[in-house]
Amino acid sequence: MEELLRIDNLCKHFVSGKGIFKKGYTIKAVDGVSFSVKRGETLGLVGESGCGKSTLGRTILKLYEPTGGKIFFEGKDITDLSPRAMRPLRKEMQIVFQDPLESLNQRHTVGMILEEPFEIHNIGTRAERKQWVEELLVKVGLPVEAASRYPHEFSGGQRQRIGIARAIALKPKLLICDESVSALDVSVQAQILNLLLELQQEMNLAMIFISHDLSVVRQVSDNVAVMYFGNMVEYGNAKALYADPQHEYTQTLLSAVPVNHPRNRKKKRPAEATS
Ligand SMILES: Nc1ncnc2c1ncn2[C@@H]1O[C@H](COP(=O)(O)OP(=O)(O)OP(=O)(O)O)[C@@H](O)[C@H]1O
């Protein structure tokens, strides 16, 4: 499989202005992380709250400017690209957030929300876009009538389907899922994970799956990176890492996963969706 994304020694430091940190204090949210993701492959990114997972995801997408290190996408160094030069690349890399109610414009209908990526990138006629919106809704398991409704009219799982539909609208090559199923009930989680896995196969999508939930990450990942205070302490094949964690921190994280939790009984991919 061909490499799609590589990050070398990537850093994102914030200088504190207010809050719990002293003014001028440097927070090393991401501090020298390196890994690569191949086409069609999933990298799980795990670690406790505050270890830098979301910051890393956003820095890879250049929603944050990196403080140091390099980002290569399809072999091209994109680290220092201007926002303008990044624009065509935005189609290729998308993100699904935890709470679609926050990330989707609530005053827009689902149809408007899904049409927007095509408008921004000036793709298609009005009629074509309408057709694509309907196709997207079907693809993520929603009725076409959903186009005329508003995000708040849907359940959490359905809203996440809308978020996913928007993220895949422009057929990206990389999808970053940032705690995308964390707010959902276990059965709905399984349905959304199934959807992501189906789309991944169909579109040969590479995914970076960010979660604090190790049992969910285990179900979807080919490789796993474990973060601790901005550093990556372990990285490798998911099966091997779960079977024989090398780093003390990974061992502690894994031992904290409750053994009797229903999610942990599923060894492979989640059960068939029942929505
Ligand atoms: N915009 C920002 N300005 C200053 N500090 C920030 C900013 N964003 C994140 N941080 C800090 O960087 C560190 C890593 O945060 P980040 O949100 O990336 O962690 P996380 O692992 O995703 O945690 P969570 O799952 O709770 O979001 C934290 O100490 C956080 O307070």
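In the predicted model, helix α6, which spans residues 156–168, packs with α7 at an angle of about 15 degrees, the two axes lying 10 Å apart. Because angles under 35 degrees count as roughly parallel, α6 and α7 are described as roughly parallel to each other. The crossing in which α6 passes α7 is right-handed. On the α6 side, the contact is formed by Gly-156, Gly-157, Gln-160, Arg-161, Ile-164 and Ile-168, and these meet Val-188, Gln-191, Ile-192, Leu-195, Leu-196, Leu-199 and Met-203 of α7. By class, eight residues of this contact are nonpolar, four are polar and one is charged.

The chain is divided into domain 1, comprising 1–92 + 174–275, and domain 2, comprising 97–171, and the centres of domain 1 and domain 2, taken over C-alpha atoms, are separated by 24 Å. To the contact, domain 1 contributes 16 residues and domain 2 contributes 15 residues. On the side of domain 1 that touches domain 2, at least two residues each are supplied by β7 (174–178) and by α7 (186–203), and α7 gives the most, with seven residues. The residues of this side of domain 1 divide into nine nonpolar, four polar and three charged.

As with the crossing of α6 and α7, α4 passes α5 in a right-handed crossing. Here Gly-111, Leu-114, Glu-115 and Phe-118 of α4 meet Arg-129, Trp-132, Val-133 and Leu-136 of α5. The residues of the contact of α4 with α5 comprise five nonpolar, one polar and two charged.

The model also contains a ligand, and the residues around this ligand are Phe-14, Ile-27, Ala-29, Gly-47, Ser-49, Gly-50, Cys-51, Gly-52, Lys-53, Ser-54, Thr-55 and His-212. Two or more residues of this shell are given by each of the elements β2 (26–38) and α1 (53–60), and α1 gives the most, with three residues. In terms of class, the shell around the ligand has four nonpolar, seven polar and one charged residues.

Terms used
Residues numbered from 1 in each chain as written. Predicted model: local features only at pLDDT ≥ 70, side-chain atom pairs only at ≥ 80, totals over all residues. Near = placed C-beta within 6 Å. Helix = DSSP H or I, 4+ residues; strand = E, 2+ residues; numbered from the N terminus. Nonpolar A, V, L, I, M, F, W, Y, C, P; charged D, E, K, R; others polar. Domains from an automatic or database assignment. Contact = placed C-beta atoms within 7 Å. Axes fitted to C-alpha atoms, helices over the stretch in contact; angles between N-to-C directions. Parallel < 35°, antiparallel > 145°, perpendicular 65-115°, else oblique. Left-handed = near helix turned anticlockwise from the far one by under 90°.
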